[in-house]
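Welcome, and thanks for taking a look at this one. Please open the model in your viewer and keep it beside you while you read.

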Amino acid sequence: MVDAAISAPHEVAATRSRGGLRRAMQRKSSVAFFMALPLISLIVLLVIYPAFYSLHLATLNKSMERFVGLSNFTFLFNRQTFWLVVKQSCIFAITAVVFKALIGFIVAHFVHNIPAKGQRKWRGMLLVPWVIPPAMSTLAWLWLFDPSYSAFNWVLAIFGIDPVPWTGDAYWARFSVILVNIWIGAPFFMIMYLAALKSVPEQLYEAAEIDGANWWQRMWYVTLPMMRNIIAITALFSLIVTFANFDIVRILTAGGPIDMTHVFATWSFRVGIEGGDIPLGASVSLFMVPILAVAAIFILRDITRRGSEV
Amino acid sequence: MANIAIPAASSAQAAGKPRYGSMSRDRLWALRWSYVFLVLFAFFFLLPPIYMLITSLKTSAEISAATNPWWVFHPTLENYRELLTSNQYLTFFRNSAIVSVTVVTITMLISVPAAFALSRMKFWGSATLATGVFLTYLIPETLLFLPLFKMFAVFNEWTGIQLINRWWVLLVLYPTLTVPFCTWIMIGYFASIPKELDEAALIDGATWTQTLTKIFIPVALPGLIAATIFAFTVSWAQFLYPLAFTTSSDQLVLPVGIITTLIKGDVFNWGQIMTGALLGAAPPLIIYAFLMDYYIAGLTAGATKG
């Protein structure tokens, strides 16, 4: 249809100036290149170059004058704190993402259940934790977890429960850090899953109901397969963001007590900026790459597959 | 959880004769339970901001008193008055505002033409570049801040231009966070515009720039607004880059400013910290309150468009 519409003027033009047309096409691609040039230079200069530069930095000594090969890495491997950070980053990211996904999934169902008229209002309220800048809301949590004035402990005291050392005890501190991350991230899952729920055709549920499927069967055979893509891609996105998270741990515990809540990002900041050892910090942050790369490959596969379907 | 058990029972009866009465009663219970749990979750999600507000209305004396922390006995706006007349806090706010608005402008100037070129005007490597833009969006800032820090230090040695500890260094850094995502969602929005539209314009003799400004930008305006909101909220909330790159108190932006200056040693002035944090959270919240649908469109576009 389109071809028919534009081929008519082309035929007229083509007989007269085939060379002019080709020149115009050449100009089009060079115009396009210039339009994309700022983007290309930004990505090359400020993302790709630093990414490779950090590989180079990781092979230098602390004053960045001498090439030391892999000794930064062997130094890290022999340090207990490093393995602690590896373990904590994994616990932090996996636990937080699982709970964010679960809570997001459950809340999305409740919002989906209520009449469409009220959904907007509830959705609006439930997304607030995601909208507040994380640094600001983590401060509120820090105050809620305050060792001497914790408002949570005040409530617990009414029920005769001893004060909880929210950020003072290593295991409680890990719990608190994960809790805050879930609080910030769950609304994002809720929004994504709600959008996915709305895209499931109502007829599928009606058909399942006629076939006598109960609530679990409808969930297992209709809802989950239809949402599988969104569930996976949201979880992968969140895994990347959570694994590389900095703000929450930095503000809530700054890695303490005794390094028991450090993750890769906060520890590389501590070592690289505060400790002044940029090469060692860069080496630490490079250990995020494998997990990020795996998640990115899966996301990319999904995106390109869907792109070719459409 | 009534809605789990009862549909099974009613489906067993469905073989005999349909009982509409019980079905609607199930629905009613499902609805009630949904509301109960929604109220619980909303309580959990809104608790910290509400507690921020409660604390911000208290005096230091009341905060350190052993009274009910969840109630304000002597409400006062003293914290707000003090912060809004403090030069330091206003400097943070001004820095944040200038940085965010400028970054939004830079982002749009870079990503809109690039998205147009990538979605409509194919050139050598354009498909690879589109994928590359998306991959760039997945690289976290925590991986790049150390090499960038060193790069700027070297840049200073070479040219004598001091970038570290100047607020404008953020104008260089923030676009790395905003441009890839904005370009990505704009490619999605532009790709959804029917080809007939720009072909008609080209036949009528419009140039590529005219096609972009007269057709693509107006038609993709919702996407443009979503991208703008995204760029603004990301620049407003960014914490790692200003913490690593700026230290003097007159160069700080809001998130870092509140944390480094209002916390003095072990003395926490919680009334002022909560007030500062609440005021700092206000601009994104206000934008969200008025443009919620665009905000959510931008949020879901990242994973669903493409």
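Predicted model: local features only at pLDDT ≥ 70, side-chain atom pairs only at ≥ 80, totals over all residues.

Chain A holds 15 helices and zero strands, and 83 residues of chain B are in contact with 81 residues of chain A.

**Chain A as a whole**
- Of the 310 residues in chain A, 39% are buried.
- Among the contacts in chain A with a separation of 6 or more, 66% join residues 24 or more positions apart.

**Where the chains meet**
- On the side of chain B that touches chain A, helix 2 (residues 20-56) of chain B gives the most, with 15 residues.
- By class, that side of chain B has 64 nonpolar, 15 polar and four charged residues.

**Domains of chain B**
- For chain B, the domain assignment gives domain 1 (2-56) and domain 2 (81-304).
- Contact between these domains of chain B involves four residues of domain 1 and six residues of domain 2.
- The side of domain 1 of chain B that touches domain 2 of chain B is made up of two nonpolar and two polar residues, with no charged residues.

**A helix pair in chain A**
- Two packed helices are described by the angle between their axes and the distance between the axes.
- In chain A, helix 4 (residues 80-113) packs against helix 9 (residues 170-198) at an angle of about 45 degrees, and their axes are 6 Å apart.
- Because of that angle, helix 4 of chain A counts as oblique to helix 9 of chain A.
- The crossing of helix 4 of chain A past helix 9 of chain A is right-handed.
- In the contact of these two helices of chain A, 18 residues are nonpolar, five are polar and one is charged.

**A glycine to click on**
- A:G255 sits in the loop between helix 12 (247-252) and helix 13 (264-274) of chain A.
- Is A:G255 buried or exposed? A:G255 is buried, because 22 other C-beta atoms lie within 10 Å, and the cut-off for buried is 20 or more.
- Leaving aside residues up to four places away in sequence, A:G255 touches A:V249, A:T261, A:H262, A:T266, A:W267 and A:R270.
- From C-alpha to C-alpha, A:G255 and A:A32 are 47 Å apart in space, and they are 223 residues apart in sequence.

Key. Residues numbered from 1 in each chain as written. Chains lettered and ligands numbered in written order. Domains from an automatic or database assignment. Contact = placed C-beta atoms within 7 Å. Nonpolar A, V, L, I, M, F, W, Y, C, P; charged D, E, K, R; others polar. Helix = DSSP H or I, 4+ residues; strand = E, 2+ residues; numbered from the N terminus. Buried ≥ 20, exposed ≤ 12 C-beta atoms within 10 Å, placed from the backbone. Axes fitted to C-alpha atoms, helices over the stretch in contact; angles between N-to-C directions. Parallel < 35°, antiparallel > 145°, perpendicular 65-115°, else oblique. Left-handed = near helix turned anticlockwise from the far one by under 90°.
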